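These are my notebook entries on one protein chain. I set down what I looked up, entry by entry.

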Amino acid sequence: MVGVFMRSLSFPNKNPNRPSKPPLSHHIRSISLPCRSHPLIFQLKDAIHKLKVWSSKSDNRTSSWLCDGLTSLKALHDSLDDILHLPQTQESLRRHPKWIEKLLDDFLRFVDVYGTFQTSFLSLKEDQLAAQVAVRKRDDSKIALYIKSRKKMAKEMSKLAYTVRDISRCYVPGLDKLSIADAELVGVIGDVIEVTMSVTVALCNGISQSISSRKSSWIGLRLPTRAKKAKVEEGIQEFQEVGVESLWGLRKKGDEEVRMVLKRMRDLEGCISGIESGGEKVFRSLINTKVALLNSLTVQ
């Protein structure tokens, strides 16, 4: 009995023919590796990628294309708002108060731009309805007022595009040495700002170039080929179809030609409503984002 017991103690604890298991310390070290990004971060990155793809497919700029961009932009800021409400995000933001102040300034500009855009587009919608009545009555004096209001709005849209382009990634002290999680947050919010700028510039420039009172024939004569192509690409198709040249001299146009102008204006009315709705949704999402940033700065 003693001999058997002795053999059991001398039984080898490793099999030389089998690969040895990794030391337990390896498993302990793996726990200290950086955690994976939050699923909402991946969702936000997907939304950013979607808008970049949207921006690259701008050969055929229609109101539908523009509305798709606004819908995607609204979804992007909804995702950002969800991230900003995470406790870990709020902790990261509070560690960098100067960065929050910069973000608040950026989003305040976006809110102002979309607020002005909504006001201008509401006026355009009202002018569009009045212009349809003027076309039916062939009232050239009322059409002249409509063209004047379009010219004014084109300038406003151009100014808004300039305001948005002024938003940039300026250096903020303290962001040069960040943890992995903080650096990822800074990067992804920076990308949100960039794509928001891209969509907003496409929106404002598209409207501005489309409703300008200059005739397309004049543009073709005064601009070189490359600049002319850029102008055409920036314009929105449905707006360009209701050009100034089609509105002048209604009394001299035939009934069929006037009916075609009215049809295009009714189609444009639907496009304006769609863009107005998309801009309103983006405006509200931007306000929510600004409030979430403000709460991160004030709530301790």
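Is Ile275 buried or exposed? I looked up its relative accessible area and found 0%, so Ile275 is buried. I used these classes: buried is under 20% relative accessible area, exposed is over 50%, and partly exposed is in between, with a 1.4 Å probe and protein chains only.

**Entry 1: the model**

I noted that this is a predicted model, in which local features need pLDDT of at least 70 and side-chain atom pairs count only at pLDDT 80 or more, while totals for chains, interfaces and linings use all residues. I number residues from 1 along each chain as its sequence is written, and side-chain values use heavy atoms, with hydrogens and water left out.

**Entry 2: the whole chain**

I counted the secondary structure elements and found 13 helices and zero strands in the protein chain. Helices (H or I, at least four residues) and strands (E, at least two) are DSSP runs, numbered from the N terminus. The pattern along the sequence is accordingly α-α-α-α-α-α-α-α-α-α-α-α-α.

I then looked up burial for the chain: of its 300 residues, 40% are buried. The protein chain exposes about 17700 Å², and carbon and sulfur atoms supply 56% of that area. Accessible areas come from the Shrake-Rupley method with a 1.4 Å probe; for residues, only the protein chains shown count as cover.

I also checked contacts, where contact means heavy atoms within 4.5 Å. Among the contacts with a separation of 6 or more, 86% involve residues 24 or more positions apart.

**Entry 3: the surroundings of Ile275**

I returned to Ile275 and placed it in helix α13. Which residues does Ile275 contact, leaving aside its neighbours within four places in sequence? I found Ser63, Leu66, Cys67, Leu70, Phe117, Phe121, Leu203, Ile207 and Phe239.

Thr71 lies in helix α4, residues 63-84. Its relative accessible area is 52%, so Thr71 is exposed.

**Entry 4: salt bridges**

How many salt bridges does a search of the whole structure find? I recorded eleven. A salt bridge is a side-chain nitrogen of Lys or Arg within 4 Å of a carboxyl oxygen of Asp or Glu.

One of them joins Asp78 and Lys74, at 2.8 Å from N to O. Both residues lie in helix α4, four residues apart, which is about one turn of the helix. Asp78 counts as partly exposed because its relative accessibility is 26%, and Lys74 is partly exposed at 29%.

I next looked up Asp182, which forms a salt bridge with Arg95, the closest N and O atoms being 2.9 Å apart. Asp182 lies in helix α8 (residues 180-210) and Arg95 in the loop between α5 (87-94) and α6, so the pair ties together parts that are 87 residues apart in sequence. Asp182 is buried, with a relative accessible area of 4%, whereas Arg95 counts as partly exposed at 48%.

A further salt bridge links Asp267 and Lys263 at 3.1 Å, N to O. Both lie in helix α13, four residues apart, about one turn of the helix. Asp267 is partly exposed at 40% relative accessibility, and Lys263 is partly exposed at 43%. I noted as well that salt bridges with shared partners join Asp105, Arg109 and Asp166 into one network.

**Entry 5: a positive patch and a loop residue**

Which residues form a positive surface patch? I found Arg136, Lys137, Lys142 and Arg266. Patches are made of residues with over 30% relative accessible area and no salt bridge, with like charges joined within 9 Å and nonpolar side chains (Val, Leu, Ile, Met, Phe, Trp, Tyr) within 5 Å. Lys and Arg count as positive and Asp and Glu as negative; His and the chain ends are not counted. The place of a charge is taken as NZ of Lys, CZ of Arg, CG of Asp or CD of Glu. Arg266 is found in helix α13, residues 255-298, and counts as partly exposed because its relative accessibility is 45%.

Lastly I looked up Arg138, in the loop between α6 (97-137) and α7 (140-165). Arg138 counts as buried because its relative accessibility is 18%. Its phi is near 55°, a positive value in a residue other than glycine.
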